[in-house]
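Hi everyone, thanks for making time. Let me put the structure up on the screen, and then I'll walk you through a few spots.

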Amino acid sequence: MSARAPRPREEILLSIGGLVAHIELSGAQPVFMEQLRARYGAFEMPAAPWVERDISLRLTVESATPPGDPGRRAHIDAHPLAVNASARTIAAERWDFSVKLTAESGRAARTSYRGSGRCEMNPFALDCMLRVLFSTVLPRLGGMLIHGCGLRNAEVGVVFPGRSGAGKTTLARKTPDPDDVLSDELVVVRRSDDGTWRVHGTPFWGDFARGGISMRSWPLRTVAFLAQAPRDAVTMTPIVSSDATLRLLGCFLSFATDRATVERNLAIAVQLCAEVRSVEASLTKNVPTAEIFRKLAPHLGPEVTRKAPPQSAREMISEFRSFLRKHKSYAFKPKGSSMRPWLKTGDSLFIQAAPETELAAGDILLYWSPGATPDEDALTCHRMVARVPGARGNAPRFMTKGDAMSRIESFENRRECEILGKVAAISRDGKTWPVPGRIGNLARLFGSLVAIPILRMAGR
Amino acid sequence: MSAWRRDAELPFQKLAEETIVVDPRRREVHLLNETAARIWELLASPQSLDELTATLGDEYDVGESELREAVAECVAGLEGKGLLVAAGTR
C-alpha cells in the first residue's frame, strides 16, 4: 500500500470593498489557482500573516462532479442555496459548497469571522460562496453589495442599480474606457472613516466578464436607478429618499432573511439614500455614455473633478499595481531616505513590470509591503541583494536592502511582500537616464555594505 | 369587535413622514405613506377599528364616517399584504 500524497495547500488574501478575506485552499490544483488569480488578481494582496482579516476560511477543495453525471441534477435540486446567519455564526451551503463561520472578537472590539468548509474545484462555486459571505459580512461593517453597475466618472463614482435586464451590462459595454467600470453586476458601497460614502469595484461581474481593476474606491456622488425610456433619450429625474430606499432595497444583495440582518440592511439603505443624491436614469441602450453623464452632471455636484486621494495606502498601491499591469511601466516618485545617496529628493523612477525569474541581485525593486491595516501598507524601493532558494521546497526568499541602511530584509514574494517591478530609469533635474547595468548596481550595493561600518566607526 | 396588531416579526424603519416595512419571508418591501405609517405606529398594540378611528379623529380634521372608511381601507390593505396579525376581539 502506498502512502497518499499530501494535499497541496494554497492561500489567497482578498481585499474587496475594504473587507479582507483569507482563504486557505487544501487540495486545490494549480490550474484552479490560476483561474482564481485571473479572476481575483486585482483584489489579491500579499497573504502576510500579520494583515488583519475580517474573514479567515479554510476550504477543502473537492473535484467537481462532471456536468453529465446522472445524479448531479438531482443533487442540485436537493441542495439549493441556504444561508443562515446569526450574530455569532454564518452558515451557507449549496450543492457545490458548504461553509460555516463563527464570530471572534479581536483587538479594539474588532469582530472577525473564522471558519471552514468545502467547495467544488469550480470557479463558479467559489464565486457564489464569496458573494454570499461578502454580502452577509459587509452590512455588519456598515457596507453593502448593491446589484448595480458602478462607473467611475472623473474623480467620483456613480452606481446604477437595477435588476436583471435593467441594462447594467449594456451600460458597462458602452463605457469608452473599460477601466472605468467598477463592475457591471455588484459593487460595494460603504461609509468611509470620514463619514462619506464611497463605491468600490469588485471582481463580482456579470456578462461584461471583467470587474474593477483595483481596490481603489471613489466618492459616491449619485445613485442613479436604471429605467427603460420609451425612446432614444436620457432623462434624470430626482427621486425622494423614501422612494430611493424602496428601490435600493430591491437591489441590496442579501441572502440571509433573519430579522437582525434585514433590520441592519434597512438601516444602511435608509442612511445612504438620506445622504446621497438619487435619480431615476431613464435611458435606452442606444444612448452613449457621454450623453448619460452630461445629463447626470447637475446631480453629481460641483466637485466632480476635484482630486480625490485614495482612501488608504492599500488602495493607492493596488491602483499603482493596476497601472503597472496595464502599461507595463509607470512612473513613481519615492519618498524617504533609505536609498540615499543613489536617490535624491525629487527624483522620479520609471518602474518596469518584471517577472520574478528575471530579477537579479543589484536590481532596484519596488514592492508592496503590507501592514496590519490598510493605512500601514507601504511601497518599498530597495536594492535586491540576493534570491535565496527556499528550504524544503518552499518558495525562494528575496533579500533586499536600502543603500543607506545596514539591515537586510528578507521576504517571500507574493506572501510577505509583492514585487511590483524594478527600476528601469531615473529622472532627475529634467533629465532621464537608464539605470546602470547589474555590474554597476552590484558594485554600489557592496560599496554600501562596506561603507556603513566605516562611517559608523568614524562617527564615534 | 375584531382587533389587529402589526406583525412584530417585520423590521421597519421610520423616515421623516413615511415608514418602510420589510417582509423577509415574502421578500417584499412596503412604503407606508404618512397616514398608513401612523396607523402602523398605533398598531404596535392591539387596536380595533373603533379605537383607531377614535385616536385618529383627534389628529385629523375629517368627518367620522369618512375617517372610519379610510381607516378600514388602510387596515384591510395592510392585512392583505400580510403586515398585520389578528389580535382577537375587543
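Predicted model: local features only at pLDDT ≥ 70, side-chain atom pairs only at ≥ 80, totals over all residues.

A:Ala154 is partly exposed, with a relative accessible area of 34%; for that label, buried is under 20%, exposed is over 50%, and partly exposed is in between, using a 1.4 Å probe and protein chains only. You'll find A:Ala154 in the loop between β9 (143–153) and β10 (156–161) of chain A.

Residues are numbered from 1 along each chain as its sequence is written, chains are lettered from A and ligands numbered from 1 in the order in which they are written, and side-chain values use heavy atoms, with hydrogens and water left out.

Back to the backbone. Most residues other than glycine have a negative phi, and most peptide bonds are trans. A:Ala154 isn't a glycine, yet has a positive phi of about 55°. A:Lys328 also has a positive phi, near 70°, and is not a glycine either. A:Lys328 sits in the loop between α8 and β17 of chain A, and is exposed, at 53% relative accessible area. And then there's a cis peptide bond, from A:Arg340 to A:Pro341, with omega near 5°. A:Pro341 is in the loop between β17 (329–332) and β18 (348–352) of chain A.

Next, helix α8, residues 313–327 of chain A, which is where A:Ala313 lies. Is A:Ala313 buried or exposed? It's buried, with a relative accessible area of 19%. Leaving out residues up to four places away in sequence, A:Ala313 touches A:Pro374, A:Asp375 and A:Asp377, where contact means heavy atoms within 4.5 Å.

On to empty space. Rolling a probe the size of a water molecule over the atoms shows where empty space is left. The search runs on a 1 Å grid over the protein atoms alone: a cavity is a set of points where a 1.4 Å probe fits but cannot get out, a pocket is an open set with protein on both sides within 12 Å along at least five of seven lines, and lining residues have an atom within 4 Å of a point. Points are joined across faces, edges and corners, and a volume is the space filled by probe spheres set on them.

The largest pocket comes out at about 760 Å³. Out of 25 lining residues, the closest to its centre are A:Gly18, A:Arg190, A:Asp193, A:Gln311 and A:Pro374. Which elements each supply at least two residues of that lining? They are β1 (9–16), β12 (186–191), β13 (197–200) and our friend α8, in chain A. By class, the pocket lining has 6 nonpolar, 8 polar and 11 charged residues; Ala, Val, Leu, Ile, Met, Phe, Trp, Tyr, Cys and Pro count as nonpolar, Asp, Glu, Lys and Arg as charged, and the others, Gly among them, as polar.

How about salt bridges? Take A:Arg210 and A:Asp179, which meet at 2.6 Å, N to O. A:Arg210 is in the loop between β13 and β14 (217–228) and A:Asp179 in the loop between α4 (168–174) and β11 (181–183), so the pair ties together parts of chain A that are 31 residues apart in sequence. A:Arg210 is partly exposed at 28%, while A:Asp179 is buried at 17%.

Last stop, the interface. Here 12 residues of chain A are in contact with 15 residues of chain B. About 1200 Å² is buried between the two chains, with carbon and sulfur atoms giving 71% of that; buried area is the accessible area (1.4 Å probe) that two parts lose on being put together, summed over both. How many salt bridges between chain A and chain B? The count is 0.

Definitions and conventions. Helix = DSSP H or I, 4+ residues; strand = E, 2+ residues; numbered from the N terminus. Salt bridge = Lys/Arg side-chain N within 4 Å of Asp/Glu carboxyl O.
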